[in-house]
Structure formats: C-alpha cells, structure tokens
Amino acid sequence: MIQRRPELLTKFITGALFTSLFFASNVTGNGETLYNEKCALCHDQPTDPKVPDRRTMAQYFQSRVLDALTQGAMAPFVQGVSEAEIQEVAEFISTRQPDPGEEDQLLRCVDDEPISTESLIPHWGIDLQNTRFQPESEIDSSNVGSLQLKWVFDVPESRTMRGYPAVSNDTIFLPNTTGKLYAISRDNGCVKWFFDAEARIRTAAHLFERNGEPVISVGLSSKEIAVVRAIDGTLVHRENVAIFQQSMLTGSQRAYGGDLYIPLSAVDVALAMNPMYPCCVSHGGVHALSLADWSIRWTARTTEHAKPTYKNELGVQMQGPSGAPIWTTPAIDAKRNQLYIGTGENTSSPATHTSDAIIAYDLASGVEKWVFQGTENDAWNMACGRRRGANCPKEDGVDFDFGASPILTTTSVGVDLVLAGQKSGDVWALNPDNGELVWHRKLSPGSPLGGVHWGMTVIDDVVIVPIADPEFIEGANPGVFALDTKNGDVLWSHKAERGCEFSGVRRAFSMTEWPSCPWHYAFSAAPAATNDVAFAGSLDGRVFAFDVADGEILWHYDTKREFEGTNGTEAHGGSIDNPGIAIAGNQVMVLSGYDMFGQMPGNVLVMFELPSISE
C-alpha cells in the first residue's frame, strides 16, 4: 500500500548544506555560479566533520538535495529564491537519479503473506527503560558463533541506514531516509507493503496499539509525525508537531498510558554558519500527544523563549537562550510517573543549566522534576571551530551532547539508576528520585562526534558502552567498555583498532567510497544485547558479538562488501552507525551504511540467523 503526497519534493541532504546560499533574496545565475559564490567556501574544503564535501554531495541522489530546500533543514530560508534556481543548484551538485520503477524492483511477497503485530522490538529502546536488551532470543554465548547469513535487503536509492526497525514475530518494519517505511518478511526478505512518506524519515519506527489497532509511528524531515496501520501501511494520522520553523525530529516517539511522547530537536546549530542569520531562537521540547483525539496535552520546553542579546561583529542581532535540543528517545519510569530525556548544547549565548543535561519530566503534567547537567557553559554551533564565524557564541563550547538515550535500570542490590552516556566520554549514574549523582566514569576525552555517540545497552549489572573518539583527538580511547552498574568500575574493555595501514586522507570519500583501509574504525552505533551476549558495530563496517562476562569476541562479520540483495539493485554495506544492531528470536539484523560525516555509504539490512537443529 502506497500513500503519496505529490505536492512535496522528496528526500534529504545533510543539514549543513547551503547554509549561506538561501539567505539572500533575488539571487541570480546558474547552478555553478551560485554554488561557487555561496557554497564552495564551506563545502570544497570543509573543516567541520559534520559538513559534507563536494565529492560526497555529488553521490547523493538529486532529490535528496531538493528535500533539504523544501522541507528539510533549509526550508525556512528559501524565501526569494525561485524553484528554477533551486533546481539549477541541485543539478550542479548532483546529476544522480534513481532507477525508474522502484516499486517493480522490489521482491514482493505473495498476497497471503501473514503479518503478525505482536512486537519483539517495539521501538529504539526495546523496553520502556531503553535498555536495548532483548529478552526474547535463543542467541547466547554457546551458539552465537554459528550465526549464518540468511538474506540481505537492499534499499533502493539509499546511502544511509539510519532508521531502527520495529520487529514482530514475522515482520520487520524498516524506516529509511528515502522516505519509505517497508514491511519486510523475516523469513525471506520480501516486501509485504511499503508506505511512502514523501519526506525523509528521521526517526526509528515505533510499533504500538491505538484503540486496539497496531500502528507504527515515524518522524519526518517535514517536521511531521506519520502514523500508519501495521497490517497494510495505510495512513492513520499525519501532523506537523514543530514548535519552531527550525524544529526537527530525531529521537523516536514513545507511546505510554494513552499518550505519544514526542521529543523535538532543532537545526539552528547548522543555520548559524551563516553570519547574517540572527542566531538563535529555537529550542528543544517534548509533546505529550493524546492518542484518543491527537490533541497535545502538554509541551515541555528545554529553555525559556529567546530574547535579543547582543549584535555580532557584522551588526546582526543575536538572540538567546536557545538550543538544548532533544536528540534522544525518552525512557519511561512507571514507578515514579516520570519521563527522562537527554539534551544537547545551547546554540547561542547565554548558556543555560538545561543544556548537555538529563531532565526528568512528570508524565501527567510535563512539569520539570529535576535536571542534571553533564557539561556547563556549552554554548556552541557550527560557526565555531577553526574558522570561527561571527555567530559562534561567546562561550565557544565543546559540543558535548547527550546523544545517547538515557537508560533506567535496577541493580542486583535493588538500587534504581538513570544511566546516561555523553559525547564527552563520560558515563553518569543518577538517582531517579532527584537527579543526584551516584557514580561517574570517564572513559575518553570525547569530541563532537566521539565519546558515547548514539547509545548503550544494559545486561543485568553490566552496561556496555561504545566509544567513538576519532584517533586525531589527544588521548582518544575508542572501543567497547563494560562497566559495573553498581559502582561504575570497568569490568573489561575492547580497544578499537584499524587493523590495516591507512595511506589516504582523512575523509574516506576523498579516495574511494569503500577504501580497503577506512579512516573511521571506532564504535559509534548504539549496541544491543540478549542473554549473555552484546553486539556492537564499528564505523569500518565490522559487527562483533562479545561475551558479556569477559569481553571475548565470540563472532564477527565484515559488512563492508557487495551483497546480492533481495531486490536486485546495487547492494553494499558500509559504516555501521546510529541504529546499529537489532536482535529478535534466533535472528540478528545489522543496518550497514552511513554516509554522513565522511563515512562509508551503504544500503543494506543484513539478516543473520542461527542454523536450525536439522541443519
């Protein structure tokens, strides 16, 4: 079943693209002239790892460029620019077009293929507490070494496997940045249905029940949530939930107690690169959306409303406070009737106590219960760095977000804790009653793309922590660490190693999309666990299974390779980042390919399975 909105231009590009191009009205000239005048300074030789270079952007599908300018990060700033001029720039950046007849290329299931809606993985965190621990699996340390490749699903048009799937007994509900939500058979990888959001899907899929009917929600680059029926993919509800033009959806939604809790981030962090942008007004927040009638019961905001502050060196009026976006998926505490989220840095001065913080909100009212701040005075945006721009805040902070979702856990001695991993390389254990610090462990110096980037997982009294520090950071300590949740002691560690001699330039795409020896090799993706085994994926495309007891590598597989996909399109693995690994029953799903930040692209969901006893 396909839902279409023809009025929308589709797909997406990195939020930093065209940061200065569309602030001027009445611009003229062809695409090359506009690019050279407005874009080349940042994108021909980028100094920020979050900014794609020109060669990288040339590999994007042209529709991905257009999405950024119509409904993505740059949509608020295209006034005065004609559609024809936008098209000319997109054509200069990329001439790549998808193969026609995508729907015909998909391996479709037979009409009577069943769809179970009993969830094994309902959302990003797997359970209410965000532990990413799968209790319903036969995989353990005794058999994980026998995992075998079963099939590979190749996503047409994709270069980034961003969306974490929801999984039922027989179906994988896979969201993708192309705007498609696929219902895929766990048995053979055929497609039961797909929903076309015609806007980039930015969040994990969430499978839950509304009025007794199984539905799936996703968040879109168009600042909307879309809710579809799990049985056939037909649209139930679609709504813009932005609180600012600059709002963005990143953390996945969470249904609980009749409400859908929706975290909100923002794109001011990238828009600030333009010195004429009056930085910054947007901030993060959480909606409590009633599933009965789709009304918003309450909205919690992470800062006060911005006010004029000072003028930058070009005379542009600055505003603040702003920022503290919520990149994370909420954890639910039924015992205390609380919701926990993590925030990012402030994007303009003044810095607030709610940036780089874990915040507890009352589920019923949205009232802030407590705040724990990991890093003070972290006001930062992408105007900061080696080429310090006019909009860099006075604090010129370090960009140490809480990008990893908070985890609620109980130790074997009965102590409840909120565990939080930060890009600073710190892991914090907090008292959920009041946010007070119980213990703290620093594992690395961290960086804007380092430290604990996307998540952690908990197995009994052990928290598995991936560290993503790039090697050029002084004291970098990339790897996988196991900490005792009772006191933060390091139980074991696995040091990330490249394992080959790197002989190119830092940005992987500058030589080849899949170099034989990649620059990136740390652990950034969120891990997952089951029984006594933890899975973690690395930026060089390898996936590992660790024995939780001692860190022994029990199984590994290199996904940086060509595959024969079920759909017959180009199929290639790459960097494993963001969603990482999903575990259900006797199967392990690896999402391989992530072309942001100079990493290796890819478009595959690789399915592994334990062999049957008869085999």
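# Close-up views of a predicted model

**View 1. The disulfide of cysteine 384 and cysteine 392.** The torsion about the S-S bond that joins cysteine 384 and cysteine 392 is about 100°, so this disulfide is right-handed; a disulfide here is a pair of cysteine sulfur atoms within 2.5 Å. This is a predicted model, in which local features need pLDDT of at least 70 and side-chain atom pairs count only at pLDDT 80 or more, while totals for chains, interfaces and linings use all residues. Residues are numbered from 1 along each chain as its sequence is written, and side-chain values use heavy atoms, with hydrogens and water left out. The sulfur atoms of cysteine 384 and cysteine 392 lie 2.1 Å apart. Cysteine 384 has a relative accessible area of 6% and is therefore buried, and cysteine 392, with a relative accessible area of 4%, is buried as well (buried means under 20% relative accessible area, exposed means over 50%, and partly exposed lies in between, with a 1.4 Å probe and protein chains only).

**View 2. The disulfide of cysteine 109 and cysteine 190.** The sulfur atoms of cysteine 109 and cysteine 190 are 1.9 Å apart, and the two residues form a disulfide. The pair links distant parts of the chain, since cysteine 109 is found in the loop between α6 (102-105) and β1 (119-121), whereas cysteine 190 is found in the loop between β5 (180-185) and β6 (191-196), 81 residues apart. Helices (H or I, at least four residues) and strands (E, at least two) are DSSP runs, numbered from the N terminus. The torsion about the S-S bond of cysteine 109 and cysteine 190 is about 100°, so this disulfide is right-handed, and both cysteine 109 and cysteine 190 are buried.

**View 3. The disulfide of cysteine 500 and cysteine 517.** In this pair the sulfur atoms of cysteine 500 and cysteine 517 lie 2.0 Å apart and form a disulfide. The angle about the S-S bond of cysteine 500 and cysteine 517 is 90°, and the link is right-handed. Cysteine 500 is partly exposed, with a relative accessible area of 33%, whereas cysteine 517, at 8% relative accessibility, counts as buried.

**View 4. The surroundings of threonine 328.** Threonine 328 is placed in the loop between β17 (317-320) and β18 (331-333), and with a relative accessible area of 1% this threonine is buried. A polar atom of the side chain of threonine 328 lies 3.1 Å from the backbone nitrogen of glycine 342. When residues up to four places away in sequence are not counted, threonine 328 touches several residues, including Gly251, Pro263, Ile341, Gly342 and Phe402, where contact means heavy atoms within 4.5 Å.

**View 5. The surroundings of leucine 181.** Leucine 181 lies in strand β5 and, with a relative accessible area of 1%, is buried. Leaving aside residues up to four places away in sequence, leucine 181 touches residues among which are Phe173, Leu174, Trp193, Phe195, Ile216 and Val228. The C-alpha atoms of leucine 181 and isoleucine 216 are separated by 9.5 Å, and these two residues are 35 residues apart along the chain.

**View 6. Aromatic rings paired with one another.** A search of the whole structure finds 16 aromatic pairs. In one of them, the rings of tyrosine 594 and phenylalanine 597 have centres 6.4 Å apart and planes at 45°, so the pair is tilted; rings of Phe, Tyr and Trp (its six-membered ring) pair if their centres lie within 6.5 Å, and planes under 30 degrees apart count as stacked, over 60 as edge-to-face and the rest as tilted. Tyrosine 594, at 0% relative accessibility, counts as buried, and phenylalanine 597 counts as buried at 14%. Elsewhere, ring pairs link Trp492, Phe523, Phe544 and Phe546 into a cluster.

**View 7. Charged side chains over aromatic rings.** Arginine 132 lies over the face of tryptophan 124, at 4.5 Å from the ring centre, and the charged end of lysine 394 sits over the ring of tyrosine 310, 4.2 Å from the centre of that ring. A charge sits over a ring if NZ of Lys or CZ of Arg is within 6 Å of the ring centre and within 35 degrees of the ring normal.

Key
Polar contact = N/O pair within 3.5 Å; in protein donor to acceptor, adjacent residues only side chain to side chain.
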